[in-house]
Amino acid sequence: MLRFVAKRMMLAVPTMLLSASVVFFLARILPGDPALSILGDSASEEAIAAMRTRLGLDQPMLVQYLGFLGDLLRLDLGNSMISGHAVTAEVLGVLPYTIELTVFAIAFGVVLGVPIGIAASLARNRLPDYLSRFGSLIGLSCPPFFLGICLLLVFAIWVPLFPVISAPDTGTLGGRIAALILPGVTLGIIFLAFVARSSRAAMLEVLPEQYIRTARMKGLSERAVVFGHACRNALLPIVTVTGLYFGILMGNAVVTEIVFTRPGLGKLIIGALNSRDYVMLQGLTIVYCFIVVLVNLVTDIVYGLVDPRVKVR
Amino acid sequence: MKIAPTWRAGLLAAAAIVALAAHAGPSDAQTAGAQTAPAQSVVRVGIHGADIGSLDPHMSAQTIDNVIHAWIYGGLVRFPAGTIDPSRIEPDIAESWTKSPDGLVWTFTLRPGVKFHGAYGEVTADDVVYSLKRAGNPKTSAFSSDFKSFDKVEAVDPRTVRITLKTPVPSLLGLVTAQRGGYVISRKADEEAGGQYTSKAIGTGPFQLEEYRSKQFVALVANPTYFRGRPKIDRVVYRFIPANESRDLAFRSGELDLFYGRKDQRWVDRMKQTPGLAIEVFGPGELRLINLNTSMKPFDDIRVRQAVAHAINRQDFVKFVGADVVSPNPSVVPLGYLGYTDQVPRFEYDPEKSKHLLKEAGYPNGITIKVLGSNRSFVEPYQLLQAQLAKAGITMELQLVEHTAWHAQIRQNLSAMVVYTAARFPVADIFLTQFFHSASAPGKPTAVTNFSHCAVADQEIDAARVEQDPKRQLELWHAAQKKIVENVCAVPLFDEDQVWGRSTKLDFGHKLEASISFGPMLTEQSTLK
């Protein structure tokens, strides 16, 4: 098991390096640079040139790249070109907010999505099924910025239950949770719809199976048939889906974080893109890759645990 | 009902979430301001944009930075809060000043007892000299070109600063006003910060830095030793809220006291309905110019440029963007600047005439121009521009790009037409120099924003800068504007004012007519009920 983990982590290194390198060159090919965005629209060419020198951007790209690799070897992600703070510190500062948001969204999706999917499959082509299918279609097609604004209007303005500025910097646990719910629901609703549809489809595949009929024939209660036999098998793919979706949701968190004014990786990456903060962009790519690889690894391990047919070697 | 347990599970989960929400309650989670004692008066500000560029006042010229710099820093002199009239400039760190008869030597006497924030002590002439030299150095300042005419800056004694100029400038006081390169910083703090003044942000203004959380907020607290008296506001939380809708909603839910609005009549009309909200529309107006690149086809032909000028219906633009937030302007300098004139050639709206001019210029079937536009401003009015030009036989192929990329591209002459908005220090010289003097054209080391490569009024602009007779100086500036408009280097549209939303509980303590920082001033007089 330990060997498996170590091997997977080693395989992740080239992935992270490659993606960071792609970002390194892509960002520098884009028109515009950090000097321009630091100094603003009215800066003279002279001042911009001096700033480029200060940031080391006047060096040939290859020299910059070697410097970047050298820093990486020392596990140093560098300092933000805009704020001057260490990238690692900036990332660690906001990482918990993105993680809690994503985990909340995942939990929201699974806790509500699975029962809805099961219920829909059991009531196939009856009202609950139609409702769930219609609802999940809406959930899947509702863009987060629109849903976010709608939720804010309803639950922060008309019925003022939650804050509009969902920045959890008040320090109190209650404040932190209150600042998590609307963004979490906004982010989680697409996942919920996805989980509901996947579990419905999986259940429908399993329900006509022979062993389900056998279970019913030997006189098991419907509850035991559904939960003890059908669900156990049908819901295995949900584990994989959840793992895969974790990365997607972290990406989707960008829009949610902006609408709800939450700190987080998404906001960090958008800010870094707009201001051409190359160092921050490279660092964030590495962090994102690492998280995705890590989550996939955990998914595989969990899959091995819940499905005895799969062995982790 | 066999499926009941599943439904029950779902309902239970939903109920748990609602219960959690109700328990958490909204009041705990207001803003960073809430963690302080309730007796404190905290002004919560919502600003557009994801983060500040820099808290180093010499390093950034973006509105998001300017606004907060003005609360933290002071200069030798300043505009009285709420105005930008150069004739009303008043003492700030300096208590008095004299100038030599030829206007080349200026001597400032510092006010005793002006202290820097924290433990950085009293402002000395050495700090002022250090700051002005720093502001004039392209390595440490975005505004170095403003200080080109400086010969020497010396500390005569700890309370006296002498500035010697190579050539007279139209407004020396403008350069040492509390704004841009005129802000005074602490030498000791800068040396300690080692090139990262953002982390220190030591100034002499009414508010001092408490905490900067990147991509989230900057928190300021009252400067207890502010020489005009301790501010009545205890704390300011300057929060980055990039989404327009989120700022509006955050005000409606009572989480903001002051916020950056939108330069859009529909927004103004809609927000006017909000109880407790006052809309502040104030100067300086930013002049919206359609710059036509005279160095390349097709705009190297004046007839084509005239065709554009005749195709533009300025009044329609004012109606489209909103009479509350923009004022039509026929000249190439923002309204009200020292040296402004509206006595310039006018091009009446006449699309038929445009077509005729194009035909004369050898384009009987009209022209097609490719235009790059920023995704950050003017996005909707571009459609009106497209429609107006189309009537005159000019097809405009617009490509909207991300703002920083756009900026890099227009500085490389990649767009024949550049629609740009700007305000500068309210004296005609700076605006004319940066936008219409040939030295400021892209491609030159001294390039700033002369996107039209205009070179028709260099003589007048240069002469006015050193002219000592105020009447003659005005004449030269007027002549420059006439020439630029006549040659259609740019088609001016309108001045856009600054638009902010303010809670009626917040009183600035002064009348807000204009602000050099593009945002309201918070001073020692400002209060929050």
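Cys454(B) and Cys489(B) form a disulfide, with their sulfur atoms 2.1 Å apart; a disulfide here is a pair of cysteine sulfur atoms within 2.5 Å. The two cysteines come from distant parts of the chain, 35 residues apart. Cys454(B) sits in the loop between helix H13 (428-436) and helix H14 (458-466) of chain B, while Cys489(B) sits in the loop between helix H15 (470-486) and strand E17 (490-503). Helices (H or I, at least four residues) and strands (E, at least two) are DSSP runs, numbered from the N terminus. The torsion about the S-S bond is about 65 degrees, so the disulfide is right-handed. Over all chains, the structure holds 1 disulfide.

This is a predicted model, in which local features need pLDDT of at least 70, side-chain atom pairs count only at pLDDT 80 or more, and totals for chains, interfaces and linings use all residues. Residues are numbered from 1 along each chain as its sequence is written, chains are lettered from A and ligands numbered from 1 in the order in which they are written, and side-chain values use heavy atoms, with hydrogens and water left out.

Both Cys454(B) and Cys489(B) are buried. Buried means under 20% relative accessible area, exposed means over 50%, and partly exposed lies in between (1.4 Å probe, protein chains only). In chain A, Cys142(A) is in no disulfide, as the nearest cysteine sulfur, that of Cys150(A), is 6.5 Å away. Cys142(A) has 15% relative accessibility and therefore counts as buried, whereas Cys150(A), at 30%, counts as partly exposed.

Next come the aromatic rings. Rings of Phe, Tyr and Trp (its six-membered ring) pair if their centres lie within 6.5 Å; planes under 30 degrees apart count as stacked, over 60 as edge-to-face and the rest as tilted. There are 27 aromatic pairs over all chains by this rule. One of them joins Phe431(B) and Phe435(B), whose ring centres are 4.6 Å apart and whose planes meet at 20 degrees, so the pair is stacked. These residues are 4 apart in helix H13 of chain B, which means that about one helical turn separates them. Phe431(B) is buried at 0% relative accessible area, and Phe435(B) is buried at 1%. Both belong to one aromatic cluster, whose members also include Tyr337(B) and Trp406(B).

Charged side chains can also face rings. The charged end of Arg134(B) sits over the ring of Tyr197(B), 5.5 Å from its centre; this requires NZ of Lys or CZ of Arg within 6 Å of the ring centre and within 35 degrees of the ring normal. Arg266(B) lies over the face of Phe320(B), 5.6 Å from the ring centre.
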